[in-house]
Amino acid sequence: MTTQETTQPTTEDFAALLEEFDQEIEVVYENEITQGRILEIGEDYALIDIGFKSEGRIPVDEFKDESGKLLFEEGDEVDVLVESREDESGQCVLSKERADRMKVWDAIADKADDDQLVRGVITNRVKGGLQVDIGVKAFLPGSQVELRPTRNLDKYIGQEFAFRIIKFNQSRHNIVLSRRALLEDERAELKKKTLTKLKQGAVIDGIVKNITDYGAFVDLGGIDGLLHITDMSWGRVSHPTEMFTVGDEIQVKVLKFNPDNERVSLGYKQLTPDPWEGAEDRYPDGANVLGKVVSLIDYGAFVELEEGIEGLIHISEMSWTRRIKHPNRVVSEGEIIEVQVLNLDTDEKKVSLGIKQIDPNPWELLEDKYPVGTRILGKIRNITDFGIFIGIEEGIDGLVHISDISWTQKIRHPSEIYDAGQEVEAVVLNIDVENERFSLGIKQLEPDPWETIPQRYPPGKIITAKITKITDFGAFAEIEEGIEGLIHISELAERRIEDVREVVKVGEEHKVEVISVDPKERKIALSIKNFVRRSERGSLQEYTEDAGATAQLGDLLKGKLGEIAEGSEAISSEEAEEAEEVEAEAAEAEEAEEAAAAEEAEEAAEAEEAEEAEEAEEAEEAEEAEEEASSEEE
């Protein structure tokens, strides 16, 4: 029998085999990504072979999408992160999710280094801006969302955009993005193209970017232009939002362009013809047209005849007779009314309109209805300083000026005689259709007493007069009701009078002589002195109701001469000469007194003229007040 020898492995053989096995196992490092193969997918874990001496387990959830669908099968190759080469049980600790994130960070780092763009979805709002998902979480500051700061950041949530990385720190997991930088680049490119076609008169497309109270800013492509509110429409625009909203795509016309500061003025209404062209043919003076009331103001109403053409109805053109305090008593905003074109000025682009002209002017009918001299009966509607207004018809009043109330009575204020609502009779004096004034008179109901005064009171007539007023230059005396004459201070007595009250007093009656009558100026000059001269006895005391005046020097001289004439015939020639001298002295004294009286009369005339001038000034002021009142009533 043959015996076989058996070879046993030596220690060297085991060492060689171990070295060969170690060479077949891949070298793996912790916190690095390596490739593995899915050996088995269990209910909770997937078994992964990364070529190491032991397999690793990864939760199955890391292989599913958001809906829970499994994305991999057994045998698929996947990249995993080695968190630890061996745990307590001897298995590798692996993570697919962390491997994916590390690959994203590496990709983002490469793009940041190369200044490449990244795309992401804005997920939510955070302090100071927005959070963006670009595979990892990144921050988008609010100032970097648009070209200009925007308040409403919520409207961007859920939208996907391209971004530029402006800050990247992988160790701190900090990424800051900017969308504004991309927009600025795009805008710069658009601006170059827009500038080539931007010139005055050019018609270009744009997008309404922003709206203010005074207009709208339009993005023309890299450059903004201002569309002012006045250039939006030929018609009335209260606010730009009536015409446009942000985001509207519109066509505009370049009105002005300054290349130095790149300011652009735009127009929208200029794309259509100016409605004022040919307006004089469409709206001739006197034409009746329809219009819409678009605005009411204190002094009138604006009416739109067509888009771009508005006319003003002044408050004075709303009624022939009514005194309109505010236009809203006649028309209302938005109302369609018929108006008449009074005047159209294409240069100033103004139209004057009227409502009252649609109907006949009642003032033009008054001349036929109330000819001059017609007597009317009406109630006093208003009393003023300068006269009274009497109602003639609805909305038409006639004025009785204070100077036309009485022929003779001096009236300081009409309220001394009349009350509002009182019915009075008057005569039509004049009708001014153009200025819409109706003049009446009350004193004209009776004849003017001054027309017969010269016949009834001729110069030289002796009458009885009652003293009514005393002044420094004389006394006024009533010769009949409402008729007064002036007794100048020089006509009171033969002697020089310093104070009128020495001779006459208010209420006294005196015999006087009519010196002169001026019916045109309505003046009568009276004289007590002349009456005394013409009297048989020559004593003022005998011809006054109240005695008290003394005999004059001339009277005494005359008496003396009478005694001499009646004396005996035995008067010597010497005595005759003495009498002649006395008579001559008396004549001289009388002449001196007459000269003084003439001087005083001249002074009185000047004083009377001054009083008349004052009265004329007061009358002029009354007329001015009347005109002011008429304008206020209009």
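These exercises walk you through one predicted protein model, each with a worked solution.

Residues are numbered from 1 along each chain as its sequence is written. Because the model is predicted, local features need a pLDDT of at least 70 and side-chain atom pairs count only at pLDDT 80 or more, while totals for chains, interfaces and linings use all residues; side-chain values use heavy atoms, with hydrogens and water left out.

**Exercise 1. Getting an overview**

Task: Find how many helices and strands the chain has, and what its average pLDDT is.

Solution: 
- Step 1. Count the elements: there are 9 helices and 30 strands. Helices (H or I, at least four residues) and strands (E, at least two) are DSSP runs, numbered from the N terminus.
- Step 2. Look at the confidence. The average pLDDT (the predictor's confidence in each residue, from 0 to 100) is 79 for the chain, and 79% of the residues score at least 70.
- Step 3. A contact means heavy atoms within 4.5 Å.
- Step 4. Check burial: of the 634 residues, 37% count as buried. Buried means under 20% relative accessible area, exposed over 50%, and partly exposed in between (1.4 Å probe, protein chains only).

**Exercise 2. Strand 30 and its partners**

Task: Work out which strands are joined to strand 30, and in which sense they run.

Solution: 
- Step 1. Start with strand 28, which is joined to strand 30 by 2 bridges and runs parallel to it. Two strands pair if DSSP finds at least two bridges between them. Within this pair, L486 has A525 as its bridge partner.
- Step 2. Move to strand 29: 5 bridges join it to strand 30, and these two run antiparallel. Here V514 stands opposite L526.
- Step 3. Look at the turn. The hairpin of strands 29 and 30 has 4 residues between the strands, and R522 takes a positive phi near 55 degrees in it.
- Step 4. Ask how covered strand 30 is: 4 of its 5 residues are buried.

**Exercise 3. The largest nonpolar core**

Task: Describe the largest nonpolar core and say which elements give two or more residues to it.

Solution: 
- Step 1. Recall the term: a nonpolar core is a set of buried Ala, Val, Leu, Ile, Met, Phe, Trp, Tyr and Cys residues joined through side-chain atoms within 4.5 Å.
- Step 2. Give its size and centre. The largest one has 25 residues, and I479, I487, L492, V504, I524 and L526 have the most contacts inside it.
- Step 3. Name the contributors: strand 26 (462-471), strand 27 (474-480), strand 28, strand 29, strand 30 (523-527) and helix 7 (528-534) each give two or more residues. Strand 26 provides the largest share, with 4 residues.
- Step 4. Zoom in on I524. Leaving aside neighbours within four places in sequence, its contacts include W450, I453, I479, L486 and V514.
- Step 5. Note that another core lies apart from this one; it has 24 residues, among them Y370, Y418, L440 and L445.

**Exercise 4. A buried serine**

Task: Locate S490, and decide whether S490 is buried or exposed.

Solution: 
- Step 1. S490 sits in the loop between strand 28 (483-488) and strand 29 (509-518).
- Step 2. Its relative accessible area is 3%, so S490 is buried.
- Step 3. The S490 side chain makes a polar contact with the side chain of H488 at 2.9 Å. A polar contact is a pair of N or O atoms within 3.5 Å; within protein, one must be able to donate a hydrogen and the other to accept it, and residues adjacent in sequence count only if both atoms are side-chain atoms.

**Exercise 5. Positive phi in loops**

Task: Compare where D115 and K349 lie.

Solution: 
- Step 1. Most residues other than glycine have a negative phi.
- Step 2. D115 has a positive phi near 55 degrees, and lies in the loop between helix 2 (96-114) and strand 6 (117-126). Its relative accessible area is 47%, so D115 is partly exposed.
- Step 3. K349 has a positive phi of about 55 degrees, and lies in the loop between strand 19 (336-345) and strand 20 (350-354). At 39% relative accessibility, K349 is partly exposed.
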